[in-house]
Amino acid sequence: MNLTNSTAHVLKPEPAPAARSATAADSPALTPLGLVTILLGAALPMIDFFIVNVALPSIEHDLNASPATLEMVVAGYAVAYAVLLVLGGRLGDTYGRRRLFLWGVAAFGVTSLACGLAPGAWWLVAARVTQGAASALMLPQVLATIHATTRGERRSRAVALYGSVGGISVILGQVLGGVLVSADLAGTGWRAVFLVNVPVAVAALFCAVRSVPDSRAAQPTRGDIGGTLLFAASLIALLLPLTEGRAAGWPLWSVLSLLASPFLAWAFARVELRAERTGGSPLLPPSLLREPGVRIGLTLGLPIFIGFAGWMFVSAVTLQQWLGFSPLKSGLTLIPMGVAQFAASMLAPRLVKRLGSRALPLCALVHGTGLAVLALTVLWTPWASLSPLVLAPGLALCGVGQGVQLALYYRIVLAAVPAERAGAGSGLAATVQQSCLAVGVATLGSLFLALASGSGMRDAFAIVLGVQLAGLIGLALLSLRLPRGLG
């Protein structure tokens, strides 16, 4: 509510000319520099999410932070990020995506500085929450700008690049985090993982002013205070206990919050349906979810992102606690996966051109093969011999599958979203992604920890990979419902 009202005073919508359109044909074309700039904006919050995990032990020591406070450093950012993504997309539709992108980049740089200069643990938590809000303003504008200012093969390549950013950001976040914390530049220690964002944000801001075209919905929309509050409440009720509950031992508040989340979601759906029927301006138009491509695309995202989040958690625990790898070595171990993911995402448009939607079951098969190779490698190889090189083949196969999956997820969802709703659609796609990341850690992570304490970490690793493989089988079967050709 406060964000909507305060933004409305600062960002006054300009009247749209009668001939104005939100389509790619009428919007200025996105230049290569503009594409690089907005992809840099997309990478910043993703890298930041993972880079902080490496710095948590140093933060705990330096700020005398409790484990619960450390969890809030991560959870505060993640929840604020996920909760405000759809609102950020809607604000971009109304007030201009370029303008919201600039505001988001500037706010991300300022909040990163606040994190890096934090004098205490709870100051850091508050700065991380605002940093998550800044990310939510910035990220939806990336896909929405691509959707509104490109078409055809250029759009396919741009979306494929966007899909590759996620995988590269995970690897870069862990490697960069390990390097910065270990280097202790000028005695900054863990603070460097935040301060490094500031010059990057300044450079992105400078480039964005010069190269990112503006686009917006043809008709500015009114705010939806009730829908915004209910959407935020339902997501907080789901995500906060999922991110905090396991570490806290699932206290009563976390259970009650999870039980309340479906009722809050139902109330949100009723409010949005009523707003659309009465000619209002719902935060998330129900008609958008009635598009078959949107529904199927979002459903396809469930096994992709839940499995990815579970894998990242399980691999981090296995590599660092079981094999004794340092955070830097753990990040370097995953480089084959990141490189393969980037290469596969670049080949995704060509693959889709030849195979259409059948590329999804194919990449699920490749990904599943990678998981099987990893499971067999861990089960049959002596502990002392499990080096990064031995794990590389399975990781590379997983990266190939993930690269195609991520590119096709965004392509399928956005193909069904009208251009004037590009911001809301992009925010929705990103919200599903962020929510599934929390669900993946809570479910597959908890399963792994429970099995590891009883059956041992080796068997637990293989079993969790088997569960992820079952999700990929469901992904392959569901993708057969898609039309052969993809928009």
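1. pLDDT is the predictor's confidence in each residue, on a scale from 0 to 100. This structure is a predicted model, in which local features need pLDDT of at least 70 and side-chain atom pairs count only at pLDDT 80 or more, while totals for chains, interfaces and linings use all residues. Residues are numbered from 1 along each chain as its sequence is written, and side-chain values use heavy atoms, with hydrogens and water left out.

2. Confidence comes before anything else. Over residues 1-25, pLDDT stays under 50. For that stretch the model has 44 contacts beyond four places in sequence, where contact means heavy atoms within 4.5 Å. Where pLDDT is low, the predicted coordinates should not be read in detail. For the chain, the mean pLDDT is 83, and 92% of the residues reach 70 or more.

3. The secondary structure comes to 18 helices and 0 strands. Both kinds of element are DSSP runs numbered from the N terminus: helices are H or I over at least four residues, strands are E over at least two. Which elements have the lowest and the highest mean pLDDT? Helix α1 (residues 2-10) has the lowest, 37, and helix α4 (residues 97-116) has the highest, 95.

4. On overall form, the radius of gyration of the chain is 22 Å, close to the 23 Å that the globule rule gives for 487 residues, so the chain is as compact as a globular protein of that length. The radius is taken over C-alpha atoms, and the rule is 2.2 Å times the number of residues to the power 0.38. Along the principal axes, the C-alpha atoms fill a box of roughly 70 × 55 × 45 Å. Of the chain's contacts with a separation of 6 or more, 84% are between residues 24 or more positions apart.

5. Buried residues make up 56% of the 487 in the chain. Buried means under 20% relative accessible area, exposed means over 50%, and partly exposed lies in between (1.4 Å probe, protein chains only). The largest nonpolar core has 142 residues. Such a core is a set of buried Ala, Val, Leu, Ile, Met, Phe, Trp, Tyr and Cys residues joined through side-chain atoms within 4.5 Å. The residues with the most contacts inside this core are I59, L124, Y162, W311 and Y409.

6. Two residues can be followed through their contacts. Leaving aside neighbours within four places in sequence, W311 is in contact with L334, M337, L374, L395, Q402, F461, L465 and Q468. T37 lies in helix α2. Is T37 buried or exposed? At 4% relative accessibility, T37 counts as buried. Not counting residues up to four places away in sequence, T37 touches F101, A204, C207, A208, S211 and V212.

7. The aromatic rings deserve a point of their own. Rings of Phe, Tyr and Trp (its six-membered ring) pair if their centres lie within 6.5 Å; planes under 30 degrees apart count as stacked, over 60 as edge-to-face and the rest as tilted. By this rule there are 7 aromatic pairs. W190 and F194 have ring centres 6.1 Å apart and planes at 85 degrees, so this pair is edge-to-face. Both W190 and F194 are buried. Y409 and Y410 also form an edge-to-face pair, with 4.9 Å centre to centre and 70 degrees between the planes. Y409 and Y410 are both buried, and together with Y162 and F305 they form one aromatic cluster.

8. Charges over rings are listed next. The criterion is that NZ of Lys or CZ of Arg is within 6 Å of the ring centre and within 35 degrees of the ring normal. R128 lies over the face of Y77, at 4.2 Å from the ring centre. K329 lies over the face of F325, at 4.3 Å from the ring centre.

9. Where do residues other than glycine show a positive phi? N64 has phi near 55 degrees and is found in the loop between α2 (32-63) and α3 (67-95). A186 has phi near 55 degrees and is placed in the loop between α6 (152-183) and α7 (192-195). N64 is exposed, with a relative accessible area of 71%, and A186 is exposed at 84%.

10. Two C-alpha distances complete the note. V179, in helix α6, is partly exposed at 39% relative accessibility. V179 and A192 are 13 residues apart in sequence and 10.0 Å apart in space. G120 is found in the loop between α4 and α5 (121-149). The C-alpha atoms of G120 and T130, 10 residues apart along the chain, are separated by 16 Å.
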